[in-house]
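Open the model in your viewer and keep the sequence panel beside it. This tour goes stop by stop, saying what to select and what is there.

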Amino acid sequence: MTATHTVIYDGDCKVCGRTVKVLAKWDRNNELEIIPSQAPGVRERFSWISPQAYADSVQVIRASDGKTWQAAAALEELVSVLPKGRLISWLFRIPFARPLVDRFYRWFARNRYKLGCGDHCAVRDTAQTERRLV
C-alpha cells in the first residue's frame, strides 16, 4: 500500500522527532510518509509550500490531490487518518476546540527550541552524559 499522506516536520526539533516516532507507531496501515523538512528534494517536490510554512509548523499533504494542512488542522487530519487517532478525533468537534488547539500549537511551534530541542538541549545532554560516566 502506498502512503495516502505525507507528513513533513522539522527534523532539527527533538520534540517533533519524538512526535513523529509516535505517529509512525500508530501508522499500522502505512498511511503516512514521514520526512523532515530538511531532507533533500522536499522543497522541490512540494514547491507550493513556502520555506516559512516549513519553519512555522508541520505540513500534512494528501497524496491523491496535494491538499495541504498546517498546524492544528494538520493534527486534525492525522487523527482522522490513523486508527488510534480516531479515538481522540472527537475532541476537534467540541465547540471552540479547533481555535484553542490552533492557538496552543502556534505558541508551541514558536517556542519549540526553548521547550526541549534547541542548542541548550545539546549542552544539557552532554553534561548529563558526562555525569553518568563519572
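Colour the chain by secondary structure and follow it from the N terminus: the elements run β-α-β-α-α-β-β-α-α-α-α. That makes seven helices and four strands in the protein chain. Bear in mind that this is a predicted model. The chain has 134 residues, and 35% of them count as buried.

**Stop 1: strand E1**

Select Ile-8, which lies in strand E1. Is Ile-8 buried or exposed? Its relative accessibility is 1%, so Ile-8 counts as buried. Show what surrounds Ile-8, leaving out neighbours within four places in sequence. The contacts include Ile-35, Pro-36, Ser-37 and Val-42. Phe-46, Tyr-54 and Val-58 also touch Ile-8, as do Gln-59 and Ile-61. Next, draw a C-alpha to C-alpha distance from Ile-8 to Gln-38. The two are 30 residues apart in sequence and 9.1 Å apart in space.

**Stop 2**

Move to Val-20, in helix H1. With 10% relative accessibility, Val-20 is below the 20% cut-off and therefore counts as buried. Which residues does Val-20 touch, not counting those up to four places away in sequence? They are Tyr-9 and Ile-34. Tyr-9 is 11 residues from Val-20 in sequence, and their C-alpha atoms are 8.0 Å apart.

Then select Asn-30, in the loop between H1 and E2. Check its backbone: phi is positive, about 55°, although Asn-30 is not a glycine. Most residues other than glycine have a negative phi.

**Stop 3: the aromatic rings**

Show the rings of Phe, Tyr and Trp. How many aromatic pairs does the structure hold? There are three. Zoom in on Phe-46 and Trp-48, which form an edge-to-face pair. Their ring centres are 5.7 Å apart, with 80° between the planes.

Now jump to Phe-104, Trp-107 and Phe-108. Ring pairs link these three residues into a cluster.

**Stop 4: helix H4**

Select residues 71-81, which make up helix H4. Which residues of H4 are buried? They are Ala-71, Ala-72, Ala-74, Glu-77, Leu-78, Val-79 and Val-81. The buried residues of H4 pack against strands E1, E2 (32-36), E3 (59-62) and E4 (68-70), and against helices H1 and H5.

Stay on Ala-71, which has its place in helix H4. Its phi is positive, near 55°, in a residue other than glycine. Ala-71 has 0% relative accessibility, so it counts as buried.

**Stop 5: where H4 meets H5**

Two packed helices are described by the angle between their axes and the distance between the axes. H4 and H5 pack at about 115°, with their axes 7 Å apart. On the H4 side, the contact is made by Ala-71, Ala-72, Leu-75 and Glu-76. On the H5 side, Arg-98, Val-101, Asp-102, Tyr-105 and Arg-106 take part. The contact residues divide into five nonpolar, no polar and four charged.

**Stop 6: the largest pocket**

Finish with a surface view and look for the largest pocket. It holds about 630 Å³ of space. Of its 28 lining residues, the closest to its centre are Thr-19, Val-58, Leu-75, Leu-78 and Tyr-105. Select these five to find the middle of the pocket.

H1 gives the most, with seven residues.

Last, colour the lining by residue class. The lining residues divide into 23 nonpolar, two polar and three charged. Two residues here were seen at the previous stop: Leu-75 and Tyr-105 are among those closest to the pocket centre, and they also belong to the contact of H4 with H5.

Note on methods. Residues are numbered from 1 along each chain as its sequence is written. This is a predicted model: local features need pLDDT of at least 70, side-chain atom pairs count only at pLDDT 80 or more; totals for chains, interfaces and linings use all residues. Side-chain values use heavy atoms; hydrogens and water are left out. On a 1 Å grid over the protein atoms alone, a cavity is a set of points where a 1.4 Å probe fits but cannot get out, and a pocket is an open set with protein on both sides within 12 Å along at least five of seven lines; lining residues have an atom within 4 Å of a point. Grid points are joined across faces, edges and corners, and a volume is the space filled by probe spheres set on the points. Helices (H or I, at least four residues) and strands (E, at least two) are DSSP runs, numbered from the N terminus. Ala, Val, Leu, Ile, Met, Phe, Trp, Tyr, Cys and Pro count as nonpolar, Asp, Glu, Lys and Arg as charged, and the others, Gly among them, as polar. Axes are lines fitted to C-alpha atoms, for helices over the stretch in contact, and angles run from 0 to 180 degrees between N-to-C directions. Contact means heavy atoms within 4.5 Å. Rings of Phe, Tyr and Trp (its six-membered ring) pair if their centres lie within 6.5 Å; planes under 30 degrees apart count as stacked, over 60 as edge-to-face and the rest as tilted. Buried means under 20% relative accessible area, exposed over 50%, partly exposed in between (1.4 Å probe, protein chains only).
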